[in-house]
Structure formats: C-alpha cells, structure tokens
Amino acid sequence: MTSQDARQYAPATQRNSEPIIEVLLQVLPESGTILEIASGTGEHAVFFAPKLSPRSWLPTDANPQLRASITAWAEHFGCYNLYPPLELDVREPVWAVENPAFDLLNREPIVAIVNINMIHISPWSACLGLMAGAGRILPAGGILYLYGPFKQDGEHTAASNAAFDKSLRAQNSEWGVRNLDDVVAVASAQNLTLKQTYQMPANNLSVVFERSTNEYKKY
C-alpha cells in the first residue's frame, strides 16, 4: 500500500472547510504555529495550511490510522508549512509538544489551538484535557478555536442537533452535544476567556477563546 492509499475521507470537511477558514483568518494570530487537536483524516489540515501561510500548521491525532491519512494527504498536496502529524491524546497530563526535546516551540511557538468536531464525539474528560493543555501551552493572547454543535442555555438549538445528540449517546454514553456554558466554565478555570461565537452552517458554532493576559505562559 502506498502512502496515498492511506488517505481517508470525511464528508463533513467538504461542507465546513470554507466557513471555518473564513473565521480562522479573522481570529488567528498573524504568525506562529497553529496546533490542531484531533486532526482526523487530515483534509482540514491540507486545506487550511496553505491559506494560513506564513503561519505553520501542526496536526495531531491519537489514532495511528488517521495519522497515516494525514501524512498521505500532506504528501499528495505537498504543503510546505504543514508539519508531520504527532501522536497526541489530550487526556495525557503532558502533551508531546511540551517535551523539552520538541524544539518546535523554540523555533515557531504555538500561538493557537484549533479543535474541530471532537468534544461531542469523545468523553467529557477529553474536553477537560483540551482546556488544561490549552491553559498550559498557549501564551498570553493565544487563541483556542472550537467548532461543532453546542447546547445553549442547556437546550438544543435545533431538532437536528437533538437527534444527533441522541444518536451519539446511543453509540457511547460518554459522548454527546455539550452545553456551551459548561465548556466556557471549564475554559475559564484554565484562564481562557470566551471571546466570540460565530453561527456556522448546519447549526454548528465557532467558539473562540483567548488566553488571559494576567499570567504569561512560558514554554
């Protein structure tokens, strides 16, 4: 099997890539490395990276098959500002990028974290781990970007989201559409302040947090 044969496809990326990049171009710092958590197939990575130059894009995933897919997509498109994918599980107390041997942080510091369609298809512990990692890694003014469906004021915003939530919980009782207020509270505990939300297609939200400037995080 060639590396290109490892490419996987996620239909949702075809629908949401353009709306997401429009928001990212507005909210991301103008330079530095963007750390993508749970990159999945890699289709977002190869779509976003060229459009976000001179920023660099660092994809990650805990699943080895998905990391192979990311590598295959990167080889297919030849993105110069796209790093090879890293193995990373947000629930780990120390992420790979925090290892002193990982010298990317000295050359091109991580200034933002992007996480698309993860926290509802994972246990709540993954959301907690994501926020803890963002709190440790992001510098003052750094950005955490989330995309996906959310409850607002404890209620679903559309019948389709309610049905999706039911289907997720049927697959795994620890999964489900999260209440935005709960996510904001966990973020706040890690010095991440809700900056803005954007209405997105298919009843999704872009949720943008900023790392508080009251405590500078050194790498």
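**Ground rules.** I am working with a predicted model, where local features need pLDDT of at least 70, side-chain atom pairs count only at pLDDT 80 or more, and totals for chains, interfaces and linings use all residues. Residues are numbered from 1 along each chain as its sequence is written, and side-chain values use heavy atoms, with hydrogens and water left out.

**H1 and H2.** I looked up helix H1 (residues 11–27) against helix H2 (residues 43–51) and found an angle of about 35°, with the axes 10 Å apart. Helices here are DSSP runs (H or I, at least four residues), numbered from the N terminus. Axes are lines fitted to C-alpha atoms over the stretch in contact, and angles run from 0 to 180 degrees between N-to-C directions. H1 passes H2 in a right-handed crossing (the near helix is turned clockwise from the far one by less than a right angle). On the H1 side I noted Ile20, Ile21, Leu24 and Leu25 among the residues that meet H2, whose own list includes Phe47 and Phe48.

**H5 and H7.** Next I checked helix H5 (residues 124–137) and helix H7 (residues 180–189), whose axes come within 9 Å and cross at roughly 40°. This crossing of H5 past H7 is right-handed. Trp124, Cys127, Leu128 and Met131 of H5 meet Asp182, Val183, Val186 and Ala187 of H7.

**Ile70.** My last stop was Ile70, in helix H3 (residues 64–77).

Note on methods: Helices (H or I, at least four residues) and strands (E, at least two) are DSSP runs, numbered from the N terminus. Contact means heavy atoms within 4.5 Å.
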